[in-house]
Structure formats: C-alpha cells, structure tokens
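Q: Hi, could you walk me through this structure?
A: Happy to, here it is.

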Amino acid sequence: MAAADQTPGIRPRATLGRRLDIAARQAFPAGCTIALMLLTETPFGIADQATLLPAVTLACVYFWSLYRPAAIPPPVVFLIGLLFDLLGYLPLGVGPLTLLVVYGLALRWRRPLTAQGFATGWLAFAGFAAGGAVLCWVLAALLSFRLLPLGPALFEAALATALYPALAISLIRAHRTVADPERA
Amino acid sequence: MIRLSIQARQALAKLTLPVLIAASFGLMLLGKADALLAEHARMALADTLAPIYAALAEPLGDLRDSIASATDLWDVRAENTRLRDENERLRRWQSIALALDAENQRLKANLQWIPDPDPSYVTARVVADAGGVYAKAVLLSVGPNHGIRKGEIALDERGLVGRVTEVGARTARVLLITDLNSRIPVILENSRAHAILVGTNGARPRLTYWAEGAIPQEGERVVTSAEAGAFPANLPIGAVHYSAANVPEVVPAAMLDRLEIVRIFDYGLGGIVAPEAPGRLPDRRGR
C-alpha cells in the first residue's frame, strides 16, 4: 500500500476487496515459499526426500531476494529460516543464518545478477547453493560437536541447482501475474 | 505509528539484516543452552502437521501401490516360481522351528526357567521422514493418550527399527539404527561375542569393538544384547556383510527405507536414555 501511494496517478478506490487483493499479492512470495517447504515434507516416499527441503528453501529465498526483495524483508527470511530448522531437524539458528546470508548477498549483487539474463542468475545460484549447503553443514557440525558426512551437503547443492530452473520459471510466471501488486 | 525521519527509517532498514544475523547466533546459543526448547518447538510443529500428513499418506500410499502393482505385472511369473521355491524352503524351516520350539519349552520347563515378561506394545503408522539431511529418523502418528515414553523400542515385522527419542502429544520420533548417533550393544549369534553397532547415516551400520578372536563372519546373524539395560536380548537386527573396504557392516532386517507400520514395545527398561539427535545437549532432566 505504502509503495503504491508514493507513485502519482489515478487509481481505483482502496476498497476492502482491493486492499485484501494487494495484501495477498504482497504475501505471495513468503506464502508460496512456506507452502513449498511444507509440501516437500509430505510423505511421497521418494528416496532422499529430506534433501528437497533445503534445496527448495534456498532456491525460493534466492529467487525472491533477486526479483522481489520488498516482499520478503529480513524478519520474514528469519522466520522462514526458523521453520526450516524445525522441519529439517537442524540445530536452531542454522537456517536463519544461512538464509539471511544468502538474502543479504543476493540483494547486494541484485543488479548484475538480474541484468544479464536467466543463465547468469542460474550460474550464480549454483554458487549460492554450494555456499549455503556448506555453511549449513559447517554450522550443524560445529553445533553438534561432530564431523558430519559432507556427501549430503554436496547432493543438496546439486539438487538445488538442478531444481532451480523449473522452480524459477513458474515463480517468474507468478511474479508477473498473480503476485504482482501493480495488477491488483 | 511512530513518525520517523527518512534518514532514521533508512538507517533502521539497513540495521535489520545485521541485527537479525546476530539474532541467529543468539538463537544458536539458546538452542545449545536449552536443548528442550528446540525439542518442544519441533514436536509442537510435528503435532500440528502430523494429521495432515497422515491424511495424505493413505491416497499417496494407494498411488504408490498401484504403480508398484502395475510394474509387478511384468514379472509375475518369475516372481511366482521364486515364491513357490521360497515357500517350499520356509515350510521345511517351519517344521524345524516348531520342533525346536517344543524342545525349548520342554527344556525350560525342566530347568524351572523364569520366562521373560511379555512386553506391551502399540502399533503406529509412520507419517513422515523426521531425519532431515544429517539424521535418520521417522515420525509416527500415535494419537492422543498414547503412553509412549522416550527410550521405548521400535520394531517392524522383520527386525529392530530404532528407539523413541522425542514424544509429542500426538506424535513420536524414532531414531533409526542407521543414524549417526545410534550405538547399540549387539551379540554376534554364532560366536556369542559382544560388539557395538554404530550408525553411519548410510544404509548399513558398522560393527565395532568386537572381542578379540571373534571376528564377525559374513552372513552371521546379529541380535541385540541385554547389556547396559537399553535393549532386551535377542531382538533380530540383521546379518553381517563385509563392505568393499573390508569393514564388517550389518544389513538391517527391518525395511528402514520404506517403513509404514511399526510397533513400539515397552520392555520397562530404563538403562540408558535414548541417543541425542544432532544439536542437542544430553537431557539431564531425565525422561
């Protein structure tokens, strides 16, 4: 609402329905991230299904911090990270820290990453996924005082990188249509 | 709402990220200082989500079953012959087992043997994987007033699955024997030698600390030991298999990768509290 009011122009009256519409569109990025996280925990019986949760969470947070950082402010990222810890059975604090670091770096490099097309964003995400997975691994190992196997972390990074295009294409569609507050 | 100048608002916006990063470090400390906090939060979330997963599990299971039966149709003949052979073999074993059981009963009667008490158990459905990336565990949906306690033992129809480590109002978390934190005292059945079964997060846990001279044999059965009062004796775990690196591992008898229904047994043992999942301090307040 506040952002919309700063631009001049003629707009329809802010009725209740319209305000709800705008709120829903603004809540879409965080809402769909959380919904996807819960979906990955559904018992589909896929082998190594637990790896889907970090992969999807990293991809979603990276995507929305590039394309709509205003819709996931740091406190929301923190809450998503907390949910990630609880769902993924990680020591508390690992998820918020990892996601906030990904969010902060993606925000800082936002312009070069979005200006040069999708492939650059994907390549950069491969780096983000590897960094995020390794950071999670290091923190989990430090907090549980034991050397955890590195294999799952690398698999997690590879899975996230592989899933990113499919996820990003549908999220870009949503970003331009149902999630766009300008179209309310 | 408090009116702030644009500069102050911008400064605040810039501060949010560093403050929240500091808060995540604080959360890590909090999680280490109060291990029960994380456990309670986790189980509360699991309690909320378990009914949804349980409701979804049935149609998803039906779907999986129909896909599996469609693929089974291809080799139904070969499967049939294999099963007939196996049935033949098992029938022979059954007669041997019945004879041995009768003899065992007679001998026990002669020896004034005090029988082990029959354990009580509850049956529960596995609703979700509860391990995450760095642990091996499953979440059970157990219904309210279940009476399940930490440290109780989970078995499927073939063998040992693991131990209950966390209990919520409607759910229980079972740490599998393959988990990195799992340590189980076992007996090698042929040599009756003691050893420890160490989980590695892989499909097959490793055998360590066996007595000198009692080297595990390939294919030897491994059962639990009553040592330390954590498990009752002689629960089947699996069979010894040497890995490519010549390390003795145990192929679990339980179908740990597709658990559907498990039984939680209360043997009334309290020797050792359940192993801690990663990121927990030992629960000193007892169970």
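**Strands and core**

A: Let's begin with L140(B), which stands opposite A172(B) in β5(B). Strands here are DSSP runs of E, at least two residues, and helices are runs of H or I, at least four residues, numbered from the N terminus. This is a predicted model, where local features need pLDDT of at least 70, side-chain atom pairs count only at pLDDT 80 or more, and totals for chains, interfaces and linings use all residues. Residues are numbered from 1 along each chain as written, with chains lettered from A and ligands numbered from 1 in the order written.

Q: How many bridges join β2 of chain B to β5 of chain B?
A: There are 5, and the two strands run antiparallel. Two strands pair if DSSP finds at least two bridges between them.

Q: What do the 6 strands close into?
A: A barrel, in the order β1-β2-β5-β4-β3-β12 of chain B, with antiparallel pairing.

Q: Nice! Switching topic, which residues touch the most other members of the largest nonpolar core?
A: V61(A), Y62(A), L140(B) and V174(B), out of 106 residues. Such a core is a set of buried Ala, Val, Leu, Ile, Met, Phe, Trp, Tyr and Cys residues joined through C-beta atoms within 7 Å. Buried means 20 or more other C-beta atoms within 10 Å of a residue's own, with C-beta atoms placed from the backbone.

Q: And which helix gives this core its largest share?
A: Helix α3 of chain A, residues 52-67, with 12 residues.

Q: What is Y62(A) in contact with?
A: Leaving aside neighbours within four places in sequence, Y62(A) contacts V102(A), A106(A), F125(A) and F128(A). Contact means C-beta atoms, placed from the backbone, within 7 Å.

Key:
A residue is buried if 20 or more other C-beta atoms lie within 10 Å of its own, exposed if 12 or fewer, and partly exposed in between; C-beta atoms are placed from the backbone. Two residues are in contact if their C-beta atoms, placed from the backbone, lie within 7 Å.
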